[in-house]
Amino acid sequence: MAKVAAGAIVAAEVVAGLADSSDDLLRPPGAGDEKDFLSKCIKCGRCIEACPYQALYAQTGAFGAGIGAPTLNVRNQACRMCEDMPCIPVCPTGALEKLETRNDIRMGLAVIDREHCIAIKGMRCEVCYRACPLIDRAITLDKRVRDNDYIHTVFEPIIDVDACTGCGLCVERCVVTDPCVPIKIVRDREDAIRQIEEEQAKEISSAYGASEGKWAPAGSY
Ligand code: SF4
Ligand code: SF4
Ligand code: SF4
């Protein structure tokens, strides 16, 4: 029975994307890099208790040093970027360092999978753009005419790597789940910038038929 329960926990973590690597886990606002953070965090849980949105929870799983440290699954509950960031001052060890403003939060960077984002296929979505607390700063919309269609417009969300805090509200609200959620937070900002550049280099057509006929033809919505 215990084995079944343990297996269920591991399976849930794989689904939640928590079992890739300790470095992939998101940490609360004010945390430094993973090594620095784990060297200071004593897993007291005070930040978890202080978060009014229950965005933080104690990490479980296979990563010894990180077990019990605060983490987030932003698809379930993103960081709301509280003005006063109450999770930070309660930290007794400085593992969460004081930030001047909530705009200084750097939990990671949002990366959009352009092959699966429906806005790039020509559907009007904008959900991540509207959800972003830094609308028109961390996400802007690149407006252009749809391929082979001079009536309809594509509104592509573009992440500003200097402004995005990695709060994850865009991920929490994204309307697409199948075959995957097309937006994620990558904690390592250099890796995230590389992934964003790779995505932008892809040529993805917004013309009807370019996505196996999954989307409605121009003029039907
Ligand atoms: S800034 Fe607010 S929502 Fe985000 S982790 Fe801290 S307390 Fe929770
Ligand atoms: S993670 Fe998403 S919602 Fe948060 S600041 Fe960045 S683009 Fe905006
Ligand atoms: S909410 Fe999701 S599908 Fe919609 S524009 Fe943003 S990333 Fe694309």
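Is E126 buried or exposed, and at what relative accessibility? E126 counts as buried because its relative accessibility is 7%, where buried means under 20% relative accessible area, exposed over 50% and partly exposed in between (1.4 Å probe, protein chains only).

The views show a predicted model, in which local features need pLDDT of at least 70 and side-chain atom pairs count only at pLDDT 80 or more, whereas totals for chains, interfaces and linings use all residues. Residues are numbered from 1 along each chain as its sequence is written, chains are lettered from A and ligands numbered from 1 in the order in which they are written, and side-chain values use heavy atoms, with hydrogens and water left out.

**View 1. The shell around ligand 3 includes E126.** Residues count as near a molecule if one of their heavy atoms lies within 4 Å of it, and those surrounding ligand 3 include C117, C125, C128 and C174. By class, this shell divides into 10 nonpolar, no polar and one charged residue (Ala, Val, Leu, Ile, Met, Phe, Trp, Tyr, Cys and Pro count as nonpolar, Asp, Glu, Lys and Arg as charged, and the others, Gly among them, as polar).

**View 2. E126 forms a salt bridge with R130.** The closest N and O atoms of this pair are 2.8 Å apart, a salt bridge being a side-chain nitrogen of Lys or Arg within 4 Å of a carboxyl oxygen of Asp or Glu. R130 is exposed, with a relative accessible area of 54%.

**View 3. Ligand 2 is surrounded by 13 residues.** The closest of them are C132, I139, C164, C167 and C170, and the shell has 10 nonpolar, three polar and no charged residues. C164 counts as buried, at 7% relative accessibility.

**View 4. A salt bridge joins E97 and K40.** The closest N and O atoms lie 3.7 Å apart. The pair links distant parts of the chain, with E97 in the loop between β2 (70-71) and β3 (109-112) and K40 in helix α2 (residues 34-40), 57 residues apart; helices (H or I, at least four residues) and strands (E, at least two) are DSSP runs, numbered from the N terminus. E97 is partly exposed at 42% relative accessibility, as K40 is at 28%.

**View 5. R124 lies over the face of F155.** The distance from the ring centre is 3.8 Å, and a charge sits over a ring if NZ of Lys or CZ of Arg is within 6 Å of the ring centre and within 35 degrees of the ring normal. The charged end of R80 likewise sits over the ring of Y53, 5.9 Å from its centre.
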